[in-house]
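Here is a short note to read beside the model.

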Amino acid sequence: MYQEQKTLEDQVNTKGTKLWMQMNDNSKAAKLRALFVQNNGGFFIQEGRYWIWKSPIEEQNGYWLKRVDTGEKVFFTNMTEFGNKNGLSCVKICELMNGKRKTYKGWTAVELRPVKATEGAKKKIKKPKKKKIQITMSAIFVDIRTNEQISVSSISQFAKDNNLDYANLRKLVIGQAKTYKHLKLYNPLEIPNESTEG
């Protein structure tokens, strides 16, 4: 059994996690966000009531433009979408970023960098794949026919080796079932019964 490890991005952007609470629902949230960015890079952007962290990779794959009148900086990752929403041409946005044009319809570049209108971006940096970790659940079973203790390091492997149903065996381990087949979970406080046949 494998489980994907949560990335830092998952932890900070998933509502209800400890990190998310610190960044959003804390009297020191602004200071904690600044410290988080200092340690991990990227930046926070407010979406509705909550703050979302954009990783350094996402920032490198996106773009910044600035309103000339207010100085407000706007980040976006899809140039076509942003252009359509604001009545801008992708070609002209690229000219702003390439330094060929200073302003365009009230916008200016935050930083100059080479981009192509045909691609809409430089080569995208791929996020690393999430690591998968193997989950092994150990247990000690008792054979109710013989009172023999069976120590198991991986219940999934034990199920395969003994032609048992993993889901039912797991219910036994987590206390949702008392017995399965001729097995029960070992209880060190329980006095063993005499062996019975059958």
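**Notes on the second largest pocket and its surroundings**

1. Strand 5 (73-76) and helix 5 (79-86) each give at least two residues to the lining of the second largest pocket. Helices (H or I, at least four residues) and strands (E, at least two) are DSSP runs, numbered from the N terminus. Helix 5 supplies the largest share of that lining, 4 residues.

2. On the source: this is a predicted model, in which local features need pLDDT of at least 70 and side-chain atom pairs count only at pLDDT 80 or more, while totals for chains, interfaces and linings use all residues. Residues are numbered from 1 along each chain as its sequence is written, and side-chain values use heavy atoms, with hydrogens and water left out.

3. The second largest pocket holds about 200 Å³ of space. Its lining consists of Val74, Phe76, Thr77, Asn78, Glu81, Phe82, Lys85, Asn86 and Trp107. By class, the lining has 4 nonpolar, 3 polar and 2 charged residues. (A pocket is an open set of points on a 1 Å grid over the protein atoms alone, where a 1.4 Å probe fits, with protein on both sides within 12 Å along at least five of seven lines; lining residues have an atom within 4 Å of a point.) The volume is the space filled by probe spheres set on the points.

4. Which residues of helix 5 are buried? They are Met79, Phe82 and Gly83. Their arc around the axis is only 100°, so they sit on the same side of helix 5. The arc is that of the directions from the helix axis to the C-beta atoms. Glu81, Asn84 and Lys85 are exposed, on the face of helix 5 turned away from its buried side. (Buried means under 20% relative accessible area, exposed over 50%, partly exposed in between, with a 1.4 Å probe and protein chains only.)

5. The buried residues of helix 5 pack against strand 4 (63-67), strand 5, helix 6 (90-98) and strand 6 (107-109). Contact here means heavy atoms within 4.5 Å.

6. Both ends of helix 5 deserve a look. Asparagine 78 caps the N-terminal end, with a side-chain oxygen 3.1 Å from the backbone nitrogen of threonine 80. (A polar contact is a pair of N or O atoms within 3.5 Å; within protein, one must be able to donate a hydrogen and the other to accept it, and residues adjacent in sequence count only if both atoms are side-chain atoms.) Just after helix 5, glycine 87 has a positive phi of about 65°.

7. In helix 6, Ile93, Cys94, Leu96 and Met97 are buried. They span an arc of only 155° around the axis, which places them on the same side of helix 6. They pack against strand 4, strand 5, helix 5 and strand 6. At the start of helix 6, a side-chain oxygen of serine 89 comes within 3.2 Å of the backbone nitrogen of valine 91. Glycine 99 follows helix 6, and its phi is positive, near 85°.

8. Asparagine 24 belongs to helix 2 (residues 18-24). Is asparagine 24 buried or exposed? Asparagine 24 is buried, at 18% relative accessible area. A polar atom of its side chain lies 2.7 Å from the backbone nitrogen of tryptophan 51.

9. Asparagine 168 is in helix 8 (residues 166-173). Asparagine 168 counts as partly exposed, at 30% relative accessibility. Its C-alpha atom is 6.9 Å from that of tyrosine 180, 12 residues apart along the chain.

Terms used:
Ala, Val, Leu, Ile, Met, Phe, Trp, Tyr, Cys and Pro count as nonpolar, Asp, Glu, Lys and Arg as charged, and the others, Gly among them, as polar.
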